[in-house]
Amino acid sequence: MTTRDIVFVVVGAITAGSALLAVSTRHLVHAALWLLVCLGSLAGCYVVLGQELVGLVQLLVYVGAIVVLVLFALMLTRAPIGANRDISTPVWQRVVAVLLGGATTSLLAAALVPALADVRVDADRPTTGTPEIAAAVFGSWVWPFELLSVLLLVALVGSFAVSRLVLRPGGDRP
C-alpha cells in the first residue's frame, strides 16, 4: 500500500463520514456545513487521484456555488437555526432508509468489485488529460451545466418568494 492509497482512504473516510453527518443531523445549518466538508474532501479525492482539474471544478462549482446557495436559501426562508422537531422523521423511516442504503451499497459493491477487480489504474500517468476533460465539459456537457444554472436561479428566486410570504395565524395567506 502506497502513501497515495493511505491518503485516499483517509480522505474518502472523511468524505463518507461527513456525508453521513450531513444527512443525519437535525440542524439545517450544520447539515449545510457538513455538506461543505463532504464536497471539499471529495475534491481532495480527485486531487489524490491525479485529476486536479476535476478537483478544482468540484471546489468552484459545488463548494463555492451550491453550498453558498443552500446557506443563502436557509437564511432567506428563515429556517430554524437550532434542532427542529418538525424535520424529525419516525424511527421506522430511519430503519427503512438504513436498510435501503445498505442494500444499494451491497448491490453496487457486488456489481463493481468483480467488474473492476483486474483493472489497474496508474494515477501518475492518467489516460485522460485536461484538454479532453475541458472539451467534454465545454462541448457535450455544456447544456446540462446551463440547465443546472437555470435550476439554481429558479431555486434562488423561489426561496426569495417564500421568504416574503406572510402567513396569518389561521394559516390563511393575505
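When neighbours within four places in sequence are left aside, Trp34 is in contact with Ser18, Leu21 and Ala22 in this predicted model. Trp34 belongs to helix H2. Its relative accessible area is 33%, and because this value falls between the 20% and 50% cut-offs, Trp34 is classed as partly exposed. The C-alpha atoms of Trp34 and Ser18 are 5.4 Å apart in space, although 16 residues separate Trp34 from Ser18 in sequence.

The contacts of Trp34 form part of the packing of helix H1 (residues 3-24) with H2. The axes of H1 and H2 are 8 Å apart, and the angle between them is about 160 degrees. An angle over 145 degrees counts as roughly antiparallel, and H1 and H2 are therefore roughly antiparallel to each other. The crossing in which H1 passes H2 is left-handed. On the H1 side, the contact is made by Arg4, Val7, Phe8, Val11, Gly12, Ile14, Thr15, Ser18, Ala19, Leu21 and Ala22. These residues meet Ala31, Trp34, Leu35, Val37, Cys38, Ser41, Leu42, Gly44, Cys45 and Val48 of H2. Sorted by class, the residues in the contact of H1 with H2 comprise 15 nonpolar, 5 polar and 1 charged.

Helix H2 (28-48) also packs against helix H3 (residues 52-76). The axes of H2 and H3 come within 8 Å and cross at roughly 175 degrees. This angle makes H2 roughly antiparallel to H3. H2 contributes Leu28, Val29, Ala32, Leu33, Leu35, Leu36, Leu39, Gly40, Leu42, Ala43, Tyr46 and Val47 to the contact, while H3 contributes Glu52, Val54, Gly55, Gln58, Leu59, Tyr62, Val63, Val67, Val70, Leu71 and Leu74. By class, 19 nonpolar, 3 polar and 1 charged residues make up the contact of H2 with H3. Leu35 and Leu42 of H2 are listed both in this contact and in the contact with H1.

The buried residues in H3 are Gly55, Gln58, Val63, Ile66, Val67, Leu69, Leu74 and Leu76. The cover over these buried residues includes H2 and helix H6 (142-164). Gly55, Gln58, Val63, Val67 and Leu74 are buried and take part in the contact with H2. Ile66, Leu69 and Leu76 are likewise buried, and these residues meet H6.

The axes of H3 and H6 come within 8 Å of each other, crossing at roughly 15 degrees. That angle makes H3 roughly parallel to H6. H3 passes H6 in a left-handed crossing. In this contact, Ile66, Leu69, Phe72, Ala73 and Leu76 of H3 meet Leu152, Leu156, Ser159, Phe160 and Ser163 of H6. The classes represented in the contact of H3 with H6 are 8 nonpolar and 2 polar residues, with no charged residues.

Across the protein chain as a whole, the secondary structure consists of 6 helices and 0 strands. The order along the sequence is α-α-α-α-α-α. The protein chain has 174 residues, of which 16% count as buried. Of the contacts between residues at least 6 apart in sequence, 67% join residues at least 24 apart.

Methods: Residues are numbered from 1 along each chain as its sequence is written. This is a predicted model: local features need pLDDT of at least 70, side-chain atom pairs count only at pLDDT 80 or more; totals for chains, interfaces and linings use all residues. Side-chain values use heavy atoms; hydrogens and water are left out. Helices (H or I, at least four residues) and strands (E, at least two) are DSSP runs, numbered from the N terminus. The expected span of a helix is 1.5 Å times one less than its number of residues. Buried means under 20% relative accessible area, exposed over 50%, partly exposed in between (1.4 Å probe, protein chains only). Contact means heavy atoms within 4.5 Å. Axes are lines fitted to C-alpha atoms, for helices over the stretch in contact, and angles run from 0 to 180 degrees between N-to-C directions. Angles under 35 degrees count as roughly parallel, over 145 as roughly antiparallel, 65 to 115 as roughly perpendicular and the rest as oblique. A crossing is left-handed if the near helix is turned anticlockwise from the far one by less than a right angle, and right-handed if clockwise. Ala, Val, Leu, Ile, Met, Phe, Trp, Tyr, Cys and Pro count as nonpolar, Asp, Glu, Lys and Arg as charged, and the others, Gly among them, as polar.
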